[in-house]
Amino acid sequence: MQAIIARNGSETPEPVTAEVKGQVTYRSKFLKSETYKRNVSADRIVVSEFGTMIYPDPCKNIFSRAFTHLSNVIPDFTDNNLINIIRYGEDYYASSEVNYINQIDPNTLETVGRINYRNHIAVNLATAHPHYDDEGNTYNMGTAIMGLGRPKYVIFKVPADAGKKPALRKVQQICSVPFRSVLFPSYYHSFGMTENYIVFVEQPFKLDIVKLATAYFRGVTWGNCLKFDKDDTTLFHVINKKTGKAISTRFYGDALVVFHHINAYEDDGHVVFDLISYEDSNLYDMFYIQNMRQETSSFIQSNKRFSPPVCKRFVLPLNVHKDSPKGSNLVTLADTTAEAVMQADGSIYCRPDTLLQGLELPGINYKFNAKKYRYFYGLRLEWSPHPNKIAKLDIVTRKHLEWRQDNCYPSEPVFVASPGAVEEDDGVILSSVISADPDISPFMLVLDAKNLEEVARASIPATVHIDLHGLFIPAAV
């Protein structure tokens, strides 16, 4: 088995190999983005990031400073793509949530070049969590906010046979969804997909467009341009993938914040989708440097307001009759307590079923994506944003298993099915684990996906940083 992990951290020019009844090879490279090149050339950070706004060097002359100020009238985003690795056609890209993605060679991890979504489809932002169907097509969502016509959310598809150079040249727009508030579009990190539908959660965690456009001059970061409206509702949009038409029924729920969807599927006339939600947006505040540098006890004390992640299931009935009794629950599935309640105006108020509290960075056997499934995996977040356990939830029994080791912090669990597997949990879980204990080297952990018992580990004699998301790429046959 070969484990190749790409991240914006320390670089190992040559592969590092560990023996574990086989061979695990580790290699890391800096992503040679334009942001990286400019920062290295200047020997300091000169490109603004999500939580840090950069201003001209006071040592520069007045003309250089004036040019820098003028260039920020329309903000250009960083291409420091540190969130995920995604696939379009046969190409692989390091991605974040902006209009830039960087193509990488999955074998050498060398940076091939930068792609701008705007050269292919009218979006300023796009998620780092696309979906892939059984044919290999890629579905994703983006937001058009400035200089690209009417503000809207855009759902698009890149065909599996798009080939190379670049795959995005064959992108197809499926549909667009107008903002419910022109100046305050919803922030979204991911979305759901079933066999026939896209599920988009338009949450009241919003981007202030005016504040974004003037952030540089106001002295605020892009992160400060997001706000959570606790008094607003959450809208659930269901769009047919083939026709691009949205279901006309208005589905809504209480205010929430969501980053990650777990899975979605169709069941007996319902769309079922599972996600991880928060009561507010305080999670972001925990990651500022002044918080992260605190001792554990101080961190826990100062972040008691931390809203824990909660895995929730929503169920939306597809065939809604306007003459259904007001106040009646239209969900007829027996395996959930989720409700969809008919309102007097014909809209549907959705009340979720809670699956588990305290889990983030979910993963599934992707062969069951968009299909009815039973298991998902994730990281336990019980007292801080630093996960220290891997968990597996059985949705049917509502029981979960855990793996942990003292002073160890695992990365997002990645499921890899056994060759020829039929059962949903027949496979292994891969996780890159780091430790606060200097005597414990970073290691690649391999767990039996059925019981989370350790199968193997490969210690890595190199510096490894904690990461966010990853992608398993099978070796070419």
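## Salt bridges

Arginine 374 and aspartate 394 form a salt bridge in which the closest N and O atoms are 2.9 Å apart (a side-chain nitrogen of Lys or Arg within 4 Å of a carboxyl oxygen of Asp or Glu). This pair links distant parts of the chain, with arginine 374 in the loop between β24 and β25 and aspartate 394 in strand β26 (residues 389–394), 20 residues apart. Strands are DSSP runs of E with at least two residues, numbered from the N terminus. Arginine 374 is partly exposed at a relative accessible area of 31%, whereas aspartate 394 is buried at 12%; buried means under 20% relative accessible area, exposed over 50% and partly exposed in between (1.4 Å probe, protein chains only).

The model is predicted, so local features need pLDDT of at least 70 and side-chain atom pairs pLDDT 80 or more, while totals for chains, interfaces and linings use all residues. Residues are numbered from 1 along each chain as its sequence is written, and side-chain values use heavy atoms, with hydrogens and water left out.

The whole structure holds 21 salt bridges. One of them joins the side chains of aspartate 134 and lysine 371 at 3.2 Å, N to O. Here the partners are 237 residues apart, aspartate 134 lying in the loop between β8 and β9 (138–144) and lysine 371 in the loop between β24 and β25. Aspartate 134 is exposed at 65% relative accessibility, and lysine 371 is partly exposed at 31%. Elsewhere, Arg180, Lys206, Asp229 and Asp232 are linked in a network of salt bridges.

## Aromatic contacts

There are 19 aromatic pairs in the structure. Rings of Phe, Tyr and Trp (its six-membered ring) pair if their centres lie within 6.5 Å; planes under 30 degrees apart count as stacked, over 60 as edge-to-face and the rest as tilted. Tyrosine 132 and tyrosine 366 make an edge-to-face pair, at 6.2 Å centre to centre and 65 degrees between the planes. Tyrosine 132 belongs to strand β8 (residues 131–132) and tyrosine 366 to the loop between β24 (359–363) and β25 (375–380), so the pair ties together parts that are 234 residues apart in sequence. Tyrosine 132 is buried at 16% relative accessibility, and tyrosine 366 is partly exposed at 36%.

Arginine 114 sits over tyrosine 100, 3.7 Å from the ring centre, and arginine 457 over phenylalanine 443, 4.1 Å from the ring centre.

Five of the five residues of strand β3 (residues 84–88) are buried, so the strand is largely enclosed by the rest of the structure. Asn84, Ile86 and Tyr88 point one way, and Ile85 and Arg87 the other way. Tyr88 also belongs to an aromatic cluster with Tyr93, Tyr117 and Phe156.

Strand β3 runs antiparallel to β4 (residues 91–95), joined by five bridges; two strands pair if DSSP finds at least two bridges between them. The bridge partner of arginine 87 is tyrosine 92. Two residues lie between the strands, and glycine 89 in this hairpin has a positive phi near 60 degrees.

## Positive phi outside glycine

Aspartate 268 has a positive phi near 50 degrees and lies in the loop between β18 (257–267) and β19 (270–278). Aspartate 268 is exposed, at 62% relative accessible area. Leucine 452, with a positive phi of about 60 degrees, lies in the loop between β31 (443–448) and β32 (454–459). Leucine 452 is buried, at 4% relative accessibility.

Methods:
Helices (H or I, at least four residues) and strands (E, at least two) are DSSP runs, numbered from the N terminus. A charge sits over a ring if NZ of Lys or CZ of Arg is within 6 Å of the ring centre and within 35 degrees of the ring normal.
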